[in-house]
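Let's take a walk through this fold together, starting from the inside. Have the viewer open and follow along.

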Amino acid sequence: MPRPVTIFTGQWADLPIEEMAAMTADFGYDGIELACWGDHFEVDKALAEDDYCEKKHALLAKHNLQCHAISAHLVGQAVLDNIDERHKSILPDYVWGDGKPEGVNDRAIEELKNTARAAQKFGVDVVNGFTGSSIWHLLYSFPPVPPKMIDAGFELLAERFNPILDVFGECGVRFALEVHPTEIAFDIYTAQRALEALDNRPEFGFNFDPSHLIWQGIDPVQFIRMFPDRIYHVHIKDAIVTLDGRTGINASHLNFGDSRRGWDFRSPGRGGVNFEEIIRALNEIDYQGPLSIEWEDSGMERTFGAREACEFTKKLDFSPSNRAFDAAFDEEND
């Protein structure tokens with residue numbers, strides 16, 4: 001059976017969920033990955049209102065949409081981050097509060113625990129998200145970074161995320177970190193170290209997204225093969241490297257969509273990701289979950305792009321063979 005093709009609503013949270021659900025169905029998607037911001041999935045209301053989840057399911061059923069995961073990227077970012085004024089724009093008022101960093105971290109931790117409880121109530125078993133990182137700013141080792149400072153970042157991951165994962169375990173829900181620059185795990189080796197810091201707890205795995213790996217020079221297929229039992233969810237998202245002798249891979253403090261950047265996101269199939277090999281690798285590890293499109297392309301109108309991305313992904317996906325291609329020769333010789 002083909003894997004369901006869904007769309008992540010994080011980049012569409014400016015639209016009411018009623019409108020977004022109707023558009024998702026019209027685009028041809030099988031389902032929807034609900035972001036925990038805007039009115040797409042509100043954790044506080046899901047826990048406080050007896051009929052919130054029921055109404056959300058009714059809306060999705062009206063448009064024949066499945067939901068396999070909800071996503072808490074924004075609040076997750078505030079769990080490990082060194083909080084500053086940037087975080088106010090991505091957090092609910094009740095998490096931001098007075099903006100004092102320690103309090104924001106604490107409230108983000110509690111919100112992520114509540115997200116697990118809300119996911120259980122809603123009936124999904126994966127929450128995608130970010131962790132943030134207290135050590136991302138130490139990426140370039142100058143002034144020289146003592147190893148103990150990096151160690152402290154992973155120790156903080158264990159200190160803050162183990163209690164969160166306790167709640168996830170109680171709820172029968174898994175947390176899928178989107179491995180991504182600015183997170184505690186942003187490539188293969190930091191992902192491995194994050195797992196080790198958390199004693200390889202089964203509640204913690206990954207939302208595989210090739211777009212954040214390819215521009216770093218990492219083969220996304222190698223990530224799948226490195227963590228075959230930890231791919232809890234998959235994003236279909238593309239990126240392209242545009243180094244031309246002037247552009248830099250660190251993007252020169254230029255925002256997405258600026259042609260002077262050394263890389264940028266692209267609509268699926270229009271960048272540099274080899275999705276053919278990714279599907280083959282997902283088949284090898286027997287991943288049966290959704291292929292969820294996270295659509296970002298600053299140079300393309302988004303409704304055109306979302307519809308095209310759905311068609312691209314449905315055409316792309318295929319099941320593995322259940323027999324060797326040359327088995328017929330053996331049959332002839334029997």
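Leaving aside its neighbours within four places in sequence, which residues is Phe 223 in contact with? Taking contact as heavy atoms within 4.5 Å, they are Val 179, Asp 187, Ile 188, Ala 191, Phe 206, Phe 208, Leu 213 and Ile 231. Before going on, a word on the ground rules: this is a predicted model, where local features need pLDDT of at least 70 and side-chain atom pairs count only at pLDDT 80 or more, while totals for chains, interfaces and linings use all residues. Residues are numbered from 1 along each chain as its sequence is written, and side-chain values use heavy atoms, with hydrogens and water left out.

Phe 223 belongs to the largest nonpolar core, a set of 92 residues in which Phe 41, Phe 161 and Phe 223 touch the most other members. A nonpolar core here is a set of buried Ala, Val, Leu, Ile, Met, Phe, Trp, Tyr and Cys residues joined through side-chain atoms within 4.5 Å; buried means under 20% relative accessible area, exposed over 50%, and partly exposed in between (1.4 Å probe, protein chains only). Helix H7, residues 147-171, gives the most to this core, with nine residues. Helices (H or I, at least four residues) and strands (E, at least two) are DSSP runs numbered from the N terminus. There's also a second, separate core of five residues, including Trp 215 and Phe 265.

Now for the sheet. Eight strands close into a barrel, running E1-E2-E3-E4-E5-E6-E7-E10 with parallel pairing; two strands pair if DSSP finds at least two bridges between them. Neighbouring strands are turned by 30 degrees against each other on average, direction ignored. (Axes are lines fitted to C-alpha atoms, for helices over the stretch in contact, and angles run from 0 to 180 degrees between N-to-C directions.) H7 packs on this sheet, touching E4, E5 and E6, and its direction makes about 135 degrees with that of E5. Look at E7 (231-236) and E10 (291-293) too: they pair over three bridges, with Val 234 opposite Leu 291.

Most residues other than glycine have a negative phi, and most peptide bonds are trans. The bond from Phe 142 to Pro 143, however, is cis, with omega near -5 degrees, and Pro 143 is in the loop between E4 and H7. Thr 182 has a positive phi, near 85 degrees, in the loop between E5 and H8. Ser 252, with phi near 60 degrees, is found in the loop between E8 and E9 and counts as partly exposed because its relative accessibility is 46%.
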